[in-house]
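Have a look at the structure first, then read on.

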Amino acid sequence: PRRRPGSPGRGRGDFFVQVFAGRDRESAEALVSRLRGQGYRPQLDSASEGQGRLFKVRVGGYASRELAQAAADKLRAEGYPGSWVTRPE
């Protein structure tokens, strides 16, 4: 799919837009597929947490918090209300 303006792939910046965090791997993978279909290049990360795994879907990395915030605003307008800016450790 063609990339949309303001929807970078895995850039080299430190800021990301987190679109999902949860324990349901299937939901995370479905979201990754849906975002790819919309021209984004999301990444799926997971980490052990408590008794299971936590899955996170992120788009980025943006060079500045301002660019990431603009992308988060755009994602919220496109139907991803939980999108927020993060700077992973």
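1. The buried residues of α2 are Ala 68, Ala 71, Ala 72 and Leu 75, where buried means under 20% relative accessible area, exposed over 50%, and partly exposed in between (1.4 Å probe, protein chains only). These residues cover an arc of only 105 degrees around the axis, so they sit on the same side of α2; the arc is that of the directions from the helix axis to the C-beta atoms. Over on the other side of α2, Glu 66 and Ala 77 are exposed.

2. A word on what you're looking at. This is a predicted model, in which local features need pLDDT of at least 70 and side-chain atom pairs count only at pLDDT 80 or more, while totals for chains, interfaces and linings use all residues. Residues are numbered from 1 along each chain as its sequence is written, and side-chain values use heavy atoms, with hydrogens and water left out.

3. Now the overall layout. The chain has two helices and four strands, and from the N terminus on they run β-α-β-β-α-β. Helices (H or I, at least four residues) and strands (E, at least two) are DSSP runs, numbered from the N terminus. Buried residues make up 38% of the 89 residues in the chain. Of the contacts with a separation of 6 or more, 72% come from residues 24 or more positions apart; contact here means heavy atoms within 4.5 Å.

4. Back to α2 for its size and surroundings. This helix has 13 residues and reaches 18 Å from its first C-alpha to its last, close to the 18 Å expected at 1.5 Å a residue (the expected span is 1.5 Å times one less than the number of residues). What do the buried residues of α2 pack against? Their partners are β1, α1, β3 and β4 (84–86). After the helix comes Gly 79, whose phi is positive, near 105 degrees.

5. Next, compare α1 for yourself. The buried residues of α1 are Ala 28, Leu 31, Val 32 and Leu 35. Seen down the axis of α1, they fall within an arc of 105 degrees, so they line one face of the helix. Among the elements covering them are β1, β2 (43–49), β3 and α2. On the other side of α1, Glu 26 and Gly 37 are exposed.

6. Asp 24 caps the N-terminal end, with a side-chain oxygen 3.1 Å from the backbone nitrogen of Glu 26. Following the helix is Gly 39, with a positive phi near 95 degrees.

7. What about the middle? The largest nonpolar core has 18 residues, and Val 17, Val 19, Leu 35, Tyr 62 and Leu 75 touch the most other members. (A nonpolar core is a set of buried Ala, Val, Leu, Ile, Met, Phe, Trp, Tyr and Cys residues joined through side-chain atoms within 4.5 Å.) β1 (15–22), α1 (25–37), β3 (52–62) and α2 (65–77) each supply at least two residues of this core.

8. Gln 18 lies in strand β1 and is buried, with a relative accessible area of 5%. Its side chain makes a polar contact with the side chain of Arg 58 (3.1 Å). A polar contact is a pair of N or O atoms within 3.5 Å; within protein, one must be able to donate a hydrogen and the other to accept it, and residues adjacent in sequence count only if both atoms are side-chain atoms.

9. Arg 58 turns up again at Asp 45: a polar contact of 3.4 Å joins their side chains. Asp 45 lies in strand β2. Is Asp 45 buried or partly exposed? At 28% relative accessibility, Asp 45 counts as partly exposed. The side chain of Gln 43 also makes a polar contact with the side chain of Asp 45 (3.1 Å). Gln 43 lies in β2 and is buried, with a relative accessible area of 13%.
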